[in-house]
Amino acid sequence: MSTIRLTMAQALLRFLDSQYISVDGREQKFVEGVFGIFGHGNVTGIGEALERSAGSLTYRQGKNEQGMVHSAIAFAKQRNRQQIYACTSSIGPGALNMVTAAATATVNRIPVLLLPGDNFASRQPDPVLQQLESIQDYTISATDAFKTVSKYWDRIVRPEQLMTAAVQAIRVLTDPAETGAVTLALPQDVQAEAYDYPLAFFDKKVHYIDRRPAAEGAVKRAAELLKGKRKPLIIAGGGVLYASASQELAAFAEAFGIPVAETQAGKSALPWNHPLQVGAIGVTGSLAANRLAQEADVIIGVGTRYSDFTTSSKSAFTHPDVQFVNINVSGFDAAKLNGVGITADAREGLIALQEALTQTAYRTAYESGEIDGLRQQWTAEVDRLYAAEHEAGLAQTRALGVINAAIDPSSVIVCAAGSLPGDLHRLWRPVEPKTYHMEYGFSCMGYEIAGAFGAALAEPERDVYAMVGDGSYLMMHSEMVTSLQEGRKITVLLFDNHGFQCIHNLQRSQGSDGFGNEFRYRTEATGGLTGAYMPIDFAAHARSLGAKAYKANTAEELQTALQMAKQESVTTLIEISVVPGTNTDGYESWWNVGVPEVSVSSKVVEAHENMKARIQAVTII
């Protein structure tokens, strides 16, 4: 057997460089490159291997470990999970900075390979700098924290172990049902140890991502259930987009006249003006979708994991006989809500179920004009909110209307947290698939700018806009520097509403007077953060990093700033001052957040009683 002597780190990179995938007959490299921040735990291992590598893996320098993983997640999400980046860090704090992003990937079912440095396997210099010493179990290190947030985890304590671990890592990363964060913890001494690896380990390997077909029996059971249902509603999730099944979704809905609602991950699966598109569903849903959900006697979930925001904490569906048919590539998700599951690729499942229903001459019982009437009402409401003026300044919904009208329909918007996801889910009007990029599985603050950079790497031909609140911007904006370094322009639309106003609104809706969520000065009179708003010049900060920047306080100024930003060749920030509390809310939805049973505030006690009543009214499991 022919061998080659390589360090473990060199062998890992060579192996990753030889991995390919084939989807629908289209073959491409699976690993695009490596994001990294170097420290003593990886600079002389993976760092040296990358420096001397003869392969085609691109190295990109992160500025924050969590941020660079967010960029890798966004890249994979925008590429429909068909290409990934690996991410390497030092041990200790460098590694632990990636844990939050690892959870973001796993919750959202997005593949990302994490390669954190780890303690010396030999223990010769023990304890090494940044080593976490566990006195009850000395085999534990900081990288054990990745176990709960990874779909696959391994620690390579001998260089030859790489061969089995790497194969299993790629297996999980390329599995559409089981994918998420994969962690290979790499002790810093083992990264540099050599081994005679078989050359066959580095042969080109093509992983065929075959579309999972729908089982005949499952389709038959679903069709039998649907035969007796008169008012179905489709909920389109992210699985529709990952399966490139937008056309099949439209064909299925049109064949039977079934309205389509959308989750955050599924938004843009159908254009906003499709005659059966009824918009967002759930806590951040449209009035049209939420009313149809209340009356639906069957929900057809396609590629959705049914989060509490989608189901309004399971209160969205009030028909006494409501049942669920779930098409999902993951059996775990297909079984939710006690549904009849079709464990299949979204495209294959829709095609098979359409054929089965056609044979039964299935028809819905929606009255003529019923769906269109609800759509027209909601279109008018969005028009109203997009045009809404506020005496105190620019309303957030007005700003979104200006942006939606000004940017190219092919542009990608990226968002994740705060009040913006709710407004965007309800109000944004996408025309093309994959132009709405929302991380709302984990709703991780700080994802927005890093995610926009990742999306720009994935689709350099499109304009990419990061929609971010001031609170989330302050948490993480570091990859804006990386976008400048790499020459990949993004446009950051920073909504300045003086704090964490989304949570401020939530706490007040549950009986609080509002506490700890606005960016105000501390005052001597109260001892609390009750003073004036802090004046933060975000545009000046962006300029100090090397970006271009503009400010907008009115709709007219925002229109002008968007036009100017479009002409810039480098990353640009527009600081948009919006009036706090001018976001959307309600539309016959509810969210169970848990309200104290005992409080000195009568408002809180009343909110608790309202919560109990809503919980008692929920009839689905």
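I started in helix H15 (residues 370-387), where Arg384 and Glu381 sit three residues apart, about one turn of the helix. (Helices are DSSP runs of H or I with at least four residues, strands are E runs of at least two, and both are numbered from the N terminus.) I'm working on a predicted model, where local features need pLDDT of at least 70, side-chain atom pairs count only at pLDDT 80 or more, and totals for chains, interfaces and linings use all residues. Residues are numbered from 1 along each chain as its sequence is written, and side-chain values use heavy atoms, with hydrogens and water left out.

**Entry 1: salt bridges**

The side chains of Arg384 and Glu381 form a salt bridge, 2.9 Å from N to O. To count, a side-chain nitrogen of Lys or Arg has to be within 4 Å of a carboxyl oxygen of Asp or Glu. I get 33 salt bridges by this rule.

My cut-offs: buried is under 20% relative accessible area, exposed is over 50%, and partly exposed is in between, using a 1.4 Å probe and protein chains only.

Next I looked up Glu51 and Arg52, a salt bridge with its closest N and O atoms 3.7 Å apart. Both of these residues are exposed.

Then I went to Glu348 and Arg347, whose side chains meet at 3.5 Å, N to O. Glu348 is partly exposed at 24%, and Arg347 is partly exposed at 21%.

I picked strand S23 (residues 572-577) next. Five of its six residues are buried, so S23 is largely enclosed by the rest of the structure.

Which strands pair with S23? One is strand S21 (residues 491-496), parallel to S23 over six bridges. Strand S22 (residues 548-552) also runs parallel to S23, joined by five bridges.

**Entry 2: helix H23**

S22, helix H23 (residues 555-567) and S23 make a right-handed β-α-β unit. Right-handed here means that, with the strands pointing away from me, the path from the first strand over the helix to the second runs clockwise.

Which residues of H23 are buried? My list is Ala555, Leu558, Ala561, Leu562 and Ala565. They cover an arc of only 115° around the axis, which puts them on the same side of H23. (The arc is taken from the directions from the helix axis to the C-beta atoms.) On the other side of H23, I found Glu556, Gln563 and Gln567 exposed.

What covers the buried residues of H23? The cover includes helix H16 (396-406), strand S20 (464-469), S21, S22 and S23, with contact meaning heavy atoms within 4.5 Å.

**Entry 4**

Strand S4 (residues 31-36) and strand S5 (residues 58-61) pair in the parallel sense over four bridges. The chain gets from S4 to S5 through helix H2 (residues 46-52), in a right-handed β-α-β crossover. I also noted Phe35 opposite Arg60 in S5.

A reminder to myself: most residues other than glycine have a negative phi, and most peptide bonds are trans.

Where is there a cis peptide bond? I found one joining Asp126 and Pro127, with omega about -5°. Pro127 is in the loop between strand S7 (112-118) and strand S8 (152-155).

Arg81 isn't a glycine, yet it has a positive phi of about 65°. It lies in the loop between helix H3 (65-78) and strand S6 (84-89), and at 16% relative accessibility it counts as buried.

Ser244 also has a positive phi, near 50°. I placed Ser244 in the loop between helix H9 (238-242) and helix H10 (246-256), and it is partly exposed at 43%.

Last one: just after helix H21, Gly511 takes a positive phi of about 100°.

Note on methods. Pairing = 2+ DSSP bridges.
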